[in-house]
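Here is a friendly walk through one protein model, with its charged pairs and its nonpolar groups in view. Have a look at the structure, then read on.

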Amino acid sequence: MEKVADIASDIGEYIRQQRSNAKISLRQLSKLAGVSNPYLSQIERGVRKPSAEILQQIAKGLRISAEALYVQAGILDLPTGGPVGDAIRADIELTERQKQVLLDVYESFRRENAAAKPAVAAKAKTEDQVTETKESA
């Protein structure tokens with residue numbers, strides 16, 4: 001039971017920190033997220049553990065990724081992404097929104113390059129075959 005209380009406290013503290021960084025009042029966030037002011041206050045104080053749906057609404061209000069809140073709440077495991085992703089996530093100078101945008105751009109480049117690899121490999125193989133044909137002739 002203690003672990004659930006710790007998670008609720010941690011996620012509440014994290015939400016409060018993100019709200020503070022965004023310079024949004026509790027009342028403003030409750031309105032943006034569509035969550036009652038008292039309920040949001042209870043979440044921030046660790047009295048209540050919000051559902052994934054409520055976390056998604058809060059993330060939308062804070063303009064951060066819901067995934068970041070899910071990880072903090074223990075709903076998702078910390079995503080893997082190698083040293084670049086880890087460095088972006090660890091950077092205390094960036095907001096959660098900035099981190100998510102950088103991670104999205106980085107992942108899109110990785111997917112694009114991965115999709116291009118088979119085409120590059122096929123082209124190299126074809127060029128090798130042409131070279132072999134010329135050499136044997």
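## A charged pair in a helix

In which helix do R110 and E107 both lie, and how many residues apart are they? They both lie in helix α7, 3 residues apart, which is about one turn of the helix. Helices here are DSSP runs of H or I with at least four residues, numbered from the N terminus.

This is a predicted model, in which local features need pLDDT of at least 70 and side-chain atom pairs count only at pLDDT 80 or more, while totals for chains, interfaces and linings use all residues. Residues are numbered from 1 along each chain as its sequence is written, and side-chain values use heavy atoms, leaving out hydrogens and water.

## Salt bridges

Searching the whole structure gives 4 salt bridges (a side-chain nitrogen of Lys or Arg within 4 Å of a carboxyl oxygen of Asp or Glu). R110 and E107 form one of them, with their closest N and O atoms 3.9 Å apart. R110 is partly exposed at 46% relative accessible area, and E107 is also partly exposed, at 30%. The cut-offs are under 20% for buried, over 50% for exposed and in between for partly exposed, with a 1.4 Å probe and protein chains only.

Helix α7 also holds E96 and K99, 3 residues apart. Their salt bridge has its closest N and O atoms 3.4 Å apart, and both residues are buried.

R16 and E44 make a salt bridge of 3.6 Å, N to O. This pair links distant parts of the chain, with R16 in helix α1 and E44 in helix α3, 28 residues apart. R16 is partly exposed at 33%, whereas E44 is buried at 5%.

## The nonpolar core

Now for the inside. The largest nonpolar core has 20 residues, and those touching the most other members are I11, I15, L29, L55, I58 and L69. Such a core is a set of buried Ala, Val, Leu, Ile, Met, Phe, Trp, Tyr and Cys residues joined through side-chain atoms within 4.5 Å.

Beyond its neighbours within four places in sequence, I11 is in contact (heavy atoms within 4.5 Å) with P50, L55, L69, Q72 and A73. In soluble globular proteins, nonpolar side chains tend to be buried together.

Terms used:
Helix = DSSP H or I, 4+ residues; strand = E, 2+ residues; numbered from the N terminus.
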